[in-house]
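Q: Could you take me through the sheets and helix packing here, one feature at a time?

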Amino acid sequence: MPTGRKPDCVKLALPKGRLLPATACLLGDTGLEFKEYTEATRTYRLRSAGTPHVSAKMFQEKDIPIQVAVGNYDLGICGLDWIEELLAKYPASALVKVLDLEYNKGKLYLATSQHGAISSLEELPARHGSWRIVTEYPGLAETSALSLRLRRFRIFPVWGATEVYPPENADLVLLWARDESDMRAQRLVSLTTLLCGSAFLIANQESWQTKDVGRIIGQLSRSIGMAVKPWLQLEPKPARSIKRFYPDFGKEKVWLAIPDGHQQVPAADFLNKAGLQVQGYSGGRLNRRPALNLDWVNIKVIRPQDMPLQVANGNFDLAITGKDWLLDHLYRFPTSPVTELADLGFGEVRVVAVVSRDLPVADIDGFRGLMHADRSSPLRVATEYVNIADKYLHDNHVGRYRLIPTWGATEALLPEDADLLIDNTQTGRTLAKHNLKIVDTLFESTARLIGNKNRLGASTKRKRIASLVRMFRQAAEGNNNEEN
Amino acid sequence: MTNQRCKGARDSLPEDMERFRHIEDAFRRSCRSWGYREVRTPTLEYLHLFTAAGTLTPNMLSKVYSFLDWDGWSGERVVLRPDGTIPIARLYIENLAQEDIVRLFYVTNVFAFEETGKENRERWQCGVELLGNAKPASDVELISLAVDILRSLDITGVEIKLSHTGMLKALLKELKLSPTEEARLLIQILDGNWQVLTQRRAGNSDANRLLSLIFDLKGKSSGFLENLKALPQISRGLRSELDSFAEVTNLLDVLDQDYQIDITSTRGFEYYTGPCFQLSVKGDKIGSGGRYDNLVPLIGGKSTPACGFALYIDPLMNLVQPKAYQKTAERILVRGEIATPDVMKASLQLAQSLRESGYVTELDFSGRQPNSRWVVTIREKPPRFVVVDQAQNQKRETSAMGNVINIIGGSA
């Protein structure tokens, strides 16, 4: 018989991305090393050799506050910005901010372009008209717009690349930056600072009240108290300064949005094929405002997820995004003026419904039956495609479910933290590697050229749009023929 | 059984609805007889209607149910109506602004998030708005109408507390704060945090002593306001607000209407500009109202003086005892002995003629225990009708349908 109290099992949620190097270094120094906690790792579940009662899982940083708040994890590490964003949306979230870890210091700025028409915060409530606010923090943006007493405002939530929107496509942005010099480098000027913070250790309220996590906290706070803190040297690089910057408000210019991320390389190839030479898009340094050999076209590089909403609002005339994101937008806003203009043929993925391989079901009907028979709590569905998932579940008469919106790496959530995923896959290999299986294919998605129905037709600009669409279609035909 | 009702939402059961309709009916009757006309605004409104400065405080705005509509790709948010008056002001601007004086009333629900889920997130109110009249007589008209409605509901012990938002704002000016600080203080006060002001009176400056005189004592007639006006430290701005306040209290004095002047009863709405009042019974707030001369121009209409009030149905429901509810024992149950077509036809016919004679008549073919006073059983063979008076424990039989009504009518 073992004597004494066994240590409580503790589950830790650790961030991928910007906080990973410093977090890994801090944990290593603290004696809480997770060997496989690296950006290149193939596994999401981590074990620590020294402290076997502590297990960890890797998440997108944005997902961590919600995972800890709902109680899937006892402790988590993420930036104060994402904690405050969750609390702005859901003030009653069961989160405790335990320890300021001091690295990745920065501020949330409400800012505007150096080249825009706004010079001070006081102008905002006084002026009529509707302020366009682009941000990754829609909850905090709404709270601050209300407390600033803006008469009228529209918030455009984005997945990233916030800094590239103003001045032409946004009046205000709410974004995280290290300091004013980072803001200046991005040609932005701060109107006010919403919060100032760094990475934090957070705890689930219930875990904090019932579990003994004292040892981990003790270890971490001892490290924080030390004189030498090597993890502070591992901060992200300062923002790159934008050298050439010519805002363009020309009414006759055609605005084209092209994607960053996975789609960037095939999109660059495609544009080449269409006879569009884009400088600063392919190769090493990404310029978010690349130059084009057609002087009547302005290009910005933004996240493909954000394009349909931006096209719907007339910020861009044309955009290259996936069918998946177009559908996700149209399911949410059925009367949106966004329309598909060409199938560009590249970037093929399948949008699929995925469950754990250990579940004895072969298709979605089987899954529904199992869920009905088995449980009183609602089904947990994790997805990047909130609206596609909603429609799919309605269409399949799945009764009670809760959507867990994620920001990528969704497959990490099964089976502990979700029952079903709606996710995309190219080959299915990643899913298989994580012991998951596909129970349904919702649709196949490729890159599409999208545009705004209300902007097609006559006038100089419309003619220009039409000729650009023709170039895309010709190149797409070539593409599709090659494949056949 | 699992609870499937939304947190903070509530079901109204038949008894509740009796009370609800009783209040609503009395309210409608009074309003109509005072020349007010009923309107209804949509449950959904644009958020920006409520964000113009001077409409809802940031604290109230942080509790609105706002979301994107199915065509909300432009980012324009809609809300579940968080307030009754602002939509009426919009309705007035869009439809009735050409009329001189507009008297409107409505029965509506308003939505506000409440964190614990123990209080209602959807509340009902009976509202009255009088647009186009700046005279203190209209403020007094509203107070009198409210009193009239409560009297017709047999609600006693109603206390009226009066305050004046203009006076409060002028008082804040006396503190000589920066405009930002002053605005912040006003918002805190309107959110119910009076301490931020009352703790200031400890000092010994003129302004602080004035605060003491105004906050520590409650006035019971216009005399109180006259006394304040006579003080040397009263500024011109404050005096003119006191004058405006006194115009209302003078009229109420003439009408022998009891009230209390309590400046700390100002609550909630940033759009109030002048006299306002709060109604309560044994400390429970049952209604409030006031003057809001700036609201119509703030949301885009032409300058229009206006005032209004709302009675809160939820607390009122605990204070009324509807007569209709007491009378439910007088109901009649018509039941068929067996469910043959002939018996069912006779039952339906009898029930119909009883209803036409003004009785509440229920049908039954299942043989359940009756809880009504009268039970009429219809048999297949004559005598076809058996009338039982459960209150008197009497039973009579007849073969003519017409006699049933006579038997019931005769002993009622």
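Q: How many bridges join E14 to E15 in chain B, and do the strands run parallel or antiparallel?

A: Five bridges link strand E14 (residues 374-378) to strand E15 (residues 385-389) of chain B, and the two run antiparallel. For one bridge, look at B:Ile378: its partner in E15(B) is B:Phe385.

Q: What describes two packed helices?

A: Use the angle between their axes and the distance between the axes. Now the case in chain B. Helix H1 (residues 14-33) and helix H5 (residues 136-152) of chain B pack at about 140°, with axes 9 Å apart. H1(B) and H5(B) are therefore oblique to each other. Their crossing is right-handed.

Q: Which residues make the contact of H1(B) with H5(B)?

A: H1(B) contributes B:Ala26, B:Phe27 and B:Ser30. H5(B) contributes B:Leu145, B:Asp148, B:Ile149 and B:Ser152. By class, the contact has four nonpolar, two polar and one charged residues.

Q: What is the strand order of the open sheet in chain A?

A: The order is E8-E7-E9-E6-E10, five strands with mixed pairing. At the edges stand E8 (153-157) and E10 (188-197) of chain A, each with a single partner strand. Neighbouring strands here are turned by 25° on average, direction ignored.

Q: Do E7 and E9 of chain A run parallel or antiparallel?

A: Strand E7 (residues 131-135) and strand E9 (residues 172-177) of chain A run parallel, joined by three bridges. A:Val134 stands opposite A:Val173 in E9(A).

Q: Which strands of chain A does helix H5 touch?

A: Helix H5 (residues 138-147) of chain A touches E6, E7, E8, E9 and E10, at about 165° to E8(A). Helix H3 (residues 80-89) of chain A lies across E6, E9 and E10, at about 85° to E10(A).

Q: Where should predicted coordinates not be read in detail?

A: Where pLDDT is low. Chain B averages a pLDDT of 89, and 96% of its residues score at least 70. The model scores ipTM 0.82 and pTM 0.86.

Key
Residues numbered from 1 in each chain as written. Chains lettered and ligands numbered in written order. Predicted model: local features only at pLDDT ≥ 70, side-chain atom pairs only at ≥ 80, totals over all residues. Pairing = 2+ DSSP bridges. Helix = DSSP H or I, 4+ residues; strand = E, 2+ residues; numbered from the N terminus. Axes fitted to C-alpha atoms, helices over the stretch in contact; angles between N-to-C directions. Parallel < 35°, antiparallel > 145°, perpendicular 65-115°, else oblique. Left-handed = near helix turned anticlockwise from the far one by under 90°. Contact = placed C-beta atoms within 7 Å. Nonpolar A, V, L, I, M, F, W, Y, C, P; charged D, E, K, R; others polar. pLDDT = per-residue confidence, 0-100.
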